[in-house]
Amino acid sequence: MRRIDTSAVIPVIRQLCIEACQQLSSNVTDALRDARAREESPLCQEILAMLLENAAFASENHLACCQDTGMTVVLLEIGQEVCWEGMPLYDAVNEGVRQGYRDGYLRKSVVDDPLLRKNTGDNTPAMIHVDIVPGDKVTITILPKGAGSENMSALYMLTPADGVQGVKKAVLEAVERAGGKPCPPIVVGIGLGGTMDKAAFLSKKALLREIGARNPKPHLAALEQELLEEINKTGIGALGMGGTVTALDVHIEAFSTHIACLPLAINLQCHAYRHACATI
Amino acid sequence: MKVTLPLTREVLESVQIGDVLELTGDIYTARDAAHARLYEAICKGEKLPLDLKGKIIFYCGPCPAGPGRVIGPLGPTTSARMDPYMEAMFQQGMVAAIGKGDRAPYVAELCKKYKGLYLLGVGGAAALCANAVKEVEEIAYPDLGTESIKRYYVEDFKVIVGIDTQGRTIQEENIPKYRKR
């Protein structure tokens with residue numbers, strides 16, 4: 001058993017929030033550079049060049065690369081040998097978010113009630129997901145999720161008869177309907193299987209994988225590749241201005257499902273493909 | 001093309017989709033919550049906290065300013081959410097809106113009817129975008145935080161004409177050129 005005081009997560013989360021919002025990883029800037037090289041539209045080439053310049057400027061000057069610093073999605077992978085002490089864990093997570101958004105001059109984009117809509121002023125509460133894993137470590141991942149792309153997400157409760165064709169049709173439909181709104185070039189996170197809620201969570205988790213990395217299952221890896229090629233034939237282009245690079249990647253995460261079900265969740269992510277991770 | 005604000009009728013009606021404009025002058029931020037309040041005031045016939053005549057509205061909620069900066073990173077938000085307010089804003093005298101993404105087809109009709117423009121900012125180039133803002137003044141609704149109405153004095157603020165006064169739309173004309181399915 002490893003005892004950890006919950007307050008230990010506060011400075012870690014504070015730092016991860018700032019890092020995720022200010023620093024695009026080389027995996028993302030490489031993908032944007034590659035997109036610029038492949039893009040056929042001169043206007044989209046110019047936009048991609050500007051996004052690269054912006055990423056470098058933000059990182060050098062410790063500024064958020066996009067003003068929508070999102071709702072803070074926090075994934076906690078907690079080793080089952082960890083025994084927590086101190087303040088409630090969720091309070092500590094929210095305190096870390098509060099400090100990160102204050103000290104990083106990040107935007108506070110959360111309202112307290114979906115209908116009454118008063119800004120909470122500190123970007124809390126975070127969207128917290130917990131997974132219990134073997135071992136005595138805690139891995140914390142922060143994903144600041146902007147609303148332009150989140151709003152374009154979709155859920156389809158397909159049936160087994162819809163099959164892989166139904167999946168392809170729905171994904172293309174969601175991407176085309178979204179057009180320029182989610183700030184393409186996008187990463188498409190797909191959750192396939194499970195129940196409605198499981199599919200939705202998997203589609204979010206799919207947005208943590210590196211651009212260019214494929215699902216280990218060959219049939220899903222092939223589907224990712226095929227969807228990526230089809231999406232890039234839509235002509236939407238960077239910011240929907242018309243071009244040949246609409247998506248940087250497609251990631252599918254799948255899970256077992258019911259004999260009557262084929263849930264499909266599609267979570268879109270803008271070109272600011274931000275996340276940061278640390279282990280304590 | 002360099003443009004000094006306010007926009008003249010001549011500039012408004014001569015620019016076309018795809019034209020890149022570098023704006024110098026005052027623009028005013030308003031997004032979801034500020035639009036909801038303005039619209040409520042318009043419906044009740046109340047006096048608005050700013051005269052919209054000849055103004056450019058920027059759909060934007062900035063990050064707070066860090067030390068030594070007038071404003072934090074900022075950029076356009078998705079315009080489609082403001083579609084339902086567009087006609088009322090034009091009727092109040094707004095001449096152009098800056099945002100990102102495509103809009104409902106009726107917005108193009110409104111641009112034609114009221115001889116107004118929809119301008120596209122570069123979504124997600126927020127750190128660079130903030131450099132163009134030289135002066136910031138809060139005009140109304142300070143309780144809305146990032147969503148309050150602010151005046152920005154901008155220099156060479158780059159935007160692309162998305163819908164022109166003939167009702168032409170950049171996405172509608174450009175996307176089919178690159179479509180391969």
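Select B:Val122 to begin: in this predicted model, B:Val122 comes out as buried, because its relative accessible area is 6%, under the 20% cut-off. You'll find B:Val122 in the loop of chain B that runs between β5 (117-120) and α5 (126-130). Now show contacts, leaving out residues up to four places away in sequence: B:Val122 touches A:Ile47, A:Met50, A:Leu51 and A:Leu239, plus B:Pro76 from chain B.

Next, click on A:Ile47, one of the residues B:Val122 touches. A:Ile47 takes you into the largest nonpolar core, a set of 66 residues. Which members touch the most others in that core? Pick A:Ile47, A:Met241, B:Ile57, B:Met86 and B:Ile149. In chain A, domain 1 (2-19 + 65-145) and domain 2 (148-272) each supply at least three residues.

Last stop: A:Ser41, in the loop between α2 (26-38) and α3 (42-60) of chain A. Is A:Ser41 buried or exposed? Buried, at a relative accessible area of 2%. Its side chain reaches the backbone nitrogen of A:Leu43 at 3.3 Å. Setting aside residues up to four places away in sequence, A:Ser41 touches A:Gly242, A:Gly243 and, across in chain B, B:Tyr178.

Key. Residues are numbered from 1 along each chain as its sequence is written. Chains are lettered from A and ligands numbered from 1 in the order in which they are written. This is a predicted model: local features need pLDDT of at least 70, side-chain atom pairs count only at pLDDT 80 or more; totals for chains, interfaces and linings use all residues. Side-chain values use heavy atoms; hydrogens and water are left out. Helices (H or I, at least four residues) and strands (E, at least two) are DSSP runs, numbered from the N terminus. Buried means under 20% relative accessible area, exposed over 50%, partly exposed in between (1.4 Å probe, protein chains only). A polar contact is a pair of N or O atoms within 3.5 Å; within protein, one must be able to donate a hydrogen and the other to accept it, and residues adjacent in sequence count only if both atoms are side-chain atoms. Contact means heavy atoms within 4.5 Å. A nonpolar core is a set of buried Ala, Val, Leu, Ile, Met, Phe, Trp, Tyr and Cys residues joined through side-chain atoms within 4.5 Å. Domain bounds come from an automatic or database domain assignment.
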